[in-house]
Amino acid sequence: EAANDCPPDVEALGRSTWTLLHTIAANYPKTPSYTEQSDLKTFMGVFSRLYPCWVCAEDFQRYVEKDQIRVDSRNEFGMWLCKAHNAVNTKLGKPVFDCSKWEERWRTGWKDGRCD
Ligand code: FAD
């Protein structure tokens, strides 16, 4: 439909971006190599400067200064990203997501089979 062909607003961009970031976490190795860890750090650093919602990017950079990115393993990065997303949720008055469920949401699918 025509509406889907419009340029993304901050909300649509955000939803798509979180999908990409959490899916990167879901596919990140449990025991990443030095190169994989370094690539993820570089990607997130560049991402935080290029994200085309400038207030979002500024706040996110400030967040990363306080709570430094963890890239040591899939779970470390997935939990770090979940906390970072929750910080944005809180700022926007959205409900906090239960981070113990991040892999069900983004990697394995819900235990009740909702994503089958
Ligand atoms: P989203 O927040 O986009 O979440 C998508 C889905 O992810 C949810 O439906 C849920 O299933 C799941 N989810 C929710 N929380 C978590 C979590 N903690 N961990 C794992 N999964 C989760 N918007 C602004 O207006 N101002 C900002 O300053 C701002 N900063 C942003 C910074 C970044 C880095 C990004 C990527 C986005 C930012 N956004 C900002 C956009 C905002 O976060 C939302 O994406 C947008 O408001 C749409 O929200 P939504 O309710 O559809 O769900």
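**How do you know? Questions about a predicted chain**

Modeller: Let's start at lysine 111, which sits in the segment after α5. Helices here are DSSP runs of H or I, at least four residues, and strands are runs of E, at least two, numbered from the N terminus.

Biologist: And what are we looking at, and how are residues numbered?

Modeller: Residues are counted from 1 along each chain as its sequence is written. The model is predicted, so local features need pLDDT of at least 70 and side-chain atom pairs count only at pLDDT 80 or more, while totals for chains, interfaces and linings use all residues.

Biologist: What pLDDT does the chain average?

Modeller: The average is 95, and 97% of the residues score at least 70; pLDDT is the predictor's confidence in each residue, from 0 to 100. The model also scores ipTM 0.99 and pTM 0.96.

Biologist: Back to lysine 111, then: why is it called exposed?

Modeller: Count the other C-beta atoms (placed from the backbone) within 10 Å of a residue's own: 20 or more means buried, 12 or fewer exposed, and in between partly exposed. Lysine 111 has 8 of them, so it is exposed.

Biologist: What makes proline 52 count as exposed?

Modeller: Proline 52 has 10 C-beta neighbours inside 10 Å, so it counts as exposed too. It lies in the loop between α2 (34-50) and α3.

Biologist: Why is leucine 13 called partly exposed?

Modeller: Leucine 13 has 15 other C-beta atoms within 10 Å, so it is partly exposed. This residue belongs to helix α1.

Biologist: Which residues does leucine 13 touch?

Modeller: Leaving out residues up to four places away in sequence, leucine 13 touches Pro8 and Cys53. Touching means that the two C-beta atoms, placed from the backbone, lie within 7 Å.

Biologist: How many residues does the largest nonpolar core have?

Modeller: There are eight: Ala25, Tyr28, Phe77, Trp80, Leu81, Cys82, Trp102 and Trp106. The elements giving two or more residues to this core are α4 and α5, and α4 has the largest share with four.

Biologist: What makes a set of residues a nonpolar core?

Modeller: They must be buried Ala, Val, Leu, Ile, Met, Phe, Trp, Tyr and Cys residues, joined through C-beta atoms within 7 Å. In soluble globular proteins, nonpolar side chains tend to be buried together.

Biologist: Which residues come nearest the ligand?

Modeller: Of the 22 residues around the ligand, Gly14, Cys56, Cys82, His85 and Phe97 come nearest. A residue is near if its C-beta atom, placed from the backbone, lies within 6 Å of the molecule.

Biologist: Which helix gives the most to the shell around the ligand?

Modeller: That's α1, with seven residues.
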